[in-house]
Amino acid sequence: MARRNKIYEGKAKIIYEGPEAGTIVQYFKDDATAFNAQKKDVIEGKGVLNNRLCEYFMVGLNQIGVPTHFIKRLNMREQLCKSCEIVPLEVIVRNYAAGTMSKRLGLEEGTQLPRPIVEYCYKDDSLGDPLVSEEHIAAFGWASQQDMDDILSLALRVNDFLSGVMYGVGIKLIDFKIEIGRVYDGDYQRLIVADEISPDSCRLWDMETGQKLDKDVFRRDLGNLADAYTEVATRLGVMPKTSTPITKPTLIN
Ligand code: 5GP
């Protein structure tokens, strides 16, 4: 059996070289981490759920013309993606105050914001991904002004798409994080949505009850994380209602 080349292992995913030039394989692990990996656990089935949910969101974005790195799901835990150079920023879009924004500005969690607010954090675990301004981004050359215009536009389009999809299944999209990749095409470069979109990187609250259906369940010890993600997948029609994904996830195509 041929051994694959591992390019990078992160907290929740492993990236392998893909079968063809310009591709990578993204493997979703069951590992859950929070607070810069100070809290860790293995949640059986999480990787399978995130792979499938990420596929669902990325396919939808591709279909409405928002470019992403996603090519196709390969199996339960892996997806084939375009390789790209990751812009060293976490792009966060917030519709309601929560998490670090609530702490920073003293806003009660769940307060609706006057409009979606986009924030940027510098991707560096050793620094705890600090919030940065466009001044920092320009001065340190992490992205050009043209890149920032494109990133803002991508972030807001993803927000409109995800908010609508979630609204349709009774879930409020509180906030989310995306990462952006650079792909080169001859003399040109384009920016695309990369990494993952899943309940690991979003805040999702049930519209009626306010129940949290995202990684805060793990961060704040609010119950079973796989159950929360299964609820999201079931509502979106990604998992059949009767499945028991914690031990044996079942996919429907
Ligand atoms: P906050 O800044 O409030 O901690 O996070 C805002 C949003 O971005 C949340 O939906 C959170 O899940 C997501 N987010 C922020 N940083 C990270 C990160 O390092 N990894 C993941 N998976 N999501 C993040």
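Which residue in E13 does Tyr-184 stand opposite? Point 5 has the reply.

1. Basis. This is a predicted model, in which local features need pLDDT of at least 70, side-chain atom pairs count only at pLDDT 80 or more, and totals for chains, interfaces and linings use all residues. Residues are numbered from 1 along each chain as its sequence is written, and side-chain values use heavy atoms, with hydrogens and water left out.

2. Ligand shell. The ligand is surrounded by 15 residues, the closest being Arg-94, Thr-100, Asp-175, Arg-203 and Arg-219 (a residue is near if one of its heavy atoms lies within 4 Å). By class, eight of the shell residues are charged, four nonpolar and three polar. Here Asp, Glu, Lys and Arg count as charged; Ala, Val, Leu, Ile, Met, Phe, Trp, Tyr, Cys and Pro as nonpolar; the others, Gly among them, as polar.

3. Polar contacts (pairs of N or O atoms within 3.5 Å). The side chain of Asp-175 has an N or O atom 2.6 Å from a ligand oxygen. For Arg-94, a polar side-chain atom lies 2.8 Å from an oxygen atom of the ligand. For Arg-219, the distance from a side-chain N or O atom to a ligand oxygen is 2.9 Å. On its own the ligand has 490 Å² of accessible area, and the protein covers 81% of it (Shrake-Rupley method, 1.4 Å probe).

4. Elements around the ligand. Strand E9 (89-96), helix H2 (99-105), strand E12 (171-185) and strand E14 (202-206) each give two or more residues to the shell. Helices (H or I, at least four residues) and strands (E, at least two) are DSSP runs, numbered from the N terminus.

5. E12 and E13. E12 runs antiparallel to strand E13 (residues 188-194), joined by seven bridges (strands pair if DSSP finds at least two bridges between them). Tyr-184 stands opposite Gln-189 in E13. The two strands form a hairpin with two residues between them, and Gly-186 in the turn has a positive phi of about 60°.

6. E4 and E5. Strand E4 (residues 31-34) and strand E5 (residues 39-42) are antiparallel, with four bridges. Asp-31 has Val-42 in E5 as its bridge partner. Four residues lie between the strands of this hairpin, where Phe-35 takes a positive phi near 50°.

7. E6 and E7. Three bridges pair strand E6 (residues 70-73) with strand E7 (residues 78-82) in the antiparallel sense. Gln-79 in E7 is the bridge partner of Arg-73.

Technical notes
A polar contact is a pair of N or O atoms within 3.5 Å; within protein, one must be able to donate a hydrogen and the other to accept it, and residues adjacent in sequence count only if both atoms are side-chain atoms.
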